[in-house]
Amino acid sequence: MTEKPVLGRTAIWTLVIVSAAGFMAALDNLVVTTALPSIREELGGGLSDLEWTVSAYTLSFAVLLMFGAALGDRFGRRRIFLVGLAIFTAGSAGAALSPEIGELIAARAVQGVGAAVMMPLTLTLLTAAVPEAKRGLAFGIWSGVSGLAVAAGPLIGGSLTEHFSWQWIFWVNVPVGLVLLPLAFRRLGESRGADGALDVPGTALVSLGMFGVVLGLIRGNPDGWTSPLVLGALIGGVVLLAAFVRYEQRVAAHPMLPMRLFRSRTFSAVNAASLLMYLGMFGSIFLISQYLQGVGGYSPQEAGIRMLPWTAMPLLVSPIAGIVSDRIGGRPIVVAGLALQAIGLALFGLVADGGGFDYAAQVPVIVICGIGMSLYFGPTAQLVMASVRPKEQGIASGANNALREVGGALGVAVLSAVFSAQGGYESARSFADGLVPALYVGAAAVGAGAFAAALIPRRRGAGAAVAGRAADGQPAAGRAGAARV
């Protein structure tokens with residue numbers, strides 16, 4: 001009889017280290033939002049400065065994700081992970097010590113650089129350390145922790161600001177980073193990508209293209225979608241990304257993102273689902289957190305506590321979803337999760353319609369959203385990593401994370417535009433008039449993500465090998481192997 005694979009010491013240490021690092025990186029997406037009034041009071045600055053306090057992190061994070069993955073493939077994933085963690089920790093200390101708003105914005109950009117370098121490598125390092133049969137559980141825990149960080153950012157930021165000071169939303173990262181650095185050096189294994197060459201032109205094209213697209217999305221609402229900056233950034237970004245695709249297909253000797261990966265229906269479908277999920281989820285959470293404060297009358301901390309039926313759910317459900325996905329495959333779980341998330345957002349719109357506020361009626365809807373989000377996270381990571389060769393998992397993780405960030409930026413921009421066109425902040429009724437159609441748009445986006453996930457090939461059997469097993473001399477994922485996912 002063969003023994004069941006277990007999580008060994010190396011796998012457990014790797015899971016702890018990369019989950020903690022991923023929590024910090026994901027947390028800083030939204031943790032600063034509830035601290036902005038306190039930051040403005042102490043450091044000064046106008047509305048544009050406060051927007052850049054949030055956007056500087058998102059922009060540098062999204063732009064450099066694929067570059068970070070490429071550096072890990074070239075120079076060693078553990079080594080580059082340590083570099084990214086050190087940069088993020090230093091940027092956090094710099095943000096806490098900032099004497100003026102300009103220095104804070106610069107420190108936030110440094111934080112984003114560090115997060116972009118280390119975040120895609122967390123998933124690659126975890127995949128290499130965990131036995132194949134246990135990856136669903138490991139990915140579920142990793143994804144649940146990251147999802148909790150994203151959703152609980154406003155609660156944590158509001159609590160630290162309310163009871164300590166806004167500087168503590170950055171100081172809290174420093175001791176965690178200082179503990180993780182020696183642990184990562186001693187406990188993580190080293191690995192590299194399939195090719196030692198660094199695709200400099202491809203890296204430059206995709207990074208500049210992402211910069212243009214994300215900058216345009218971030219500045220669209222505050223500056224106007226027809227402003228020269230926004231139009232120029234969006235058009236230039238799309239042109240550069242198209243040039244990147246053409247260069248990778250026809251010119252690059254060692255492409256950083258082989259376009260053949262998208263021939264895999266699994267890889268293409270799961271990435272499309274990720275972009276649409278983050279579009280609907282990020283934009284909705286952005287507006288709902290304001291709804292609880294502006295219409296419900298809660299403080300930032302009180303609003304965050306009332307979001308716990310949603311935000312804490314990944315800790316409970318994601319590991320279970322990962323275990324089940326090890327047995328039946330990730331496709332049905334991801335489809336079910338996205339469908340539940342879409343239903344939850346639509347129901348929240350129905351509850352909020354009319355301008356009234358009834359938290360008791362919102363609780364079941366928030367729970368549905370939390371379960372849906374939790375079912376999505378873990379199996380999605382497993383599907384991404386299983387759809388490519390082991391030596392291509394770094395760049396696959398970077399691509400998936402980059403698309404998620406673009407989806408998040410697009411979600412905030414699109415849903416905020418719908419909100420502004422249909423309502424505003426003048427009254428509870430006006431806020432609801434804008435929130436309801438925005439949530440319906442978010443629900444439609446997540447529903448489209450469920451449709452995309454349904455296109456993932458069915459797993460042929462519970463015992464079928466995943467495509468991620470493909471290695472040198474074996475069928476490549478994305479062809480015969482991907483059909484087994």
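Here is a short tour, from the whole chain to a single residue.

This is a predicted model, in which local features need pLDDT of at least 70, side-chain atom pairs count only at pLDDT 80 or more, and totals for chains, interfaces and linings use all residues. Residues are numbered from 1 along each chain as its sequence is written, and side-chain values use heavy atoms, with hydrogens and water left out.

The protein chain has 18 helices and zero strands; these are DSSP runs (helices H or I, at least four residues; strands E, at least two), numbered from the N terminus. Of its 485 residues, 57% are buried, meaning under 20% relative accessible area with a 1.4 Å probe, protein chains only.

Two nonpolar cores (buried Ala, Val, Leu, Ile, Met, Phe, Trp, Tyr and Cys residues joined through side-chain atoms within 4.5 Å) can be set side by side:

| Core | Size | Members include |
|---|---|---|
| Largest nonpolar core | 109 residues | Phe81, Leu257, Trp310, Leu338, Phe348 |
| Another core, apart from it | 21 residues | Leu36, Val54, Ile101, Ile169 |

Not counting residues up to four places away in sequence, Leu338 touches several residues, including Ala273, Met277, Tyr376 and Val446; contact means heavy atoms within 4.5 Å.

Now for Asp28, which sits in the loop between helix 1 (9-27) and helix 2 (36-43). Asp28 counts as buried because its relative accessibility is 0%. Beyond its neighbours within four places in sequence, Asp28 is in contact with Tyr57, Phe88, Arg108, Gln111, Phe170 and Asn173.

Notes: Buried means under 20% relative accessible area, exposed over 50%, partly exposed in between (1.4 Å probe, protein chains only).
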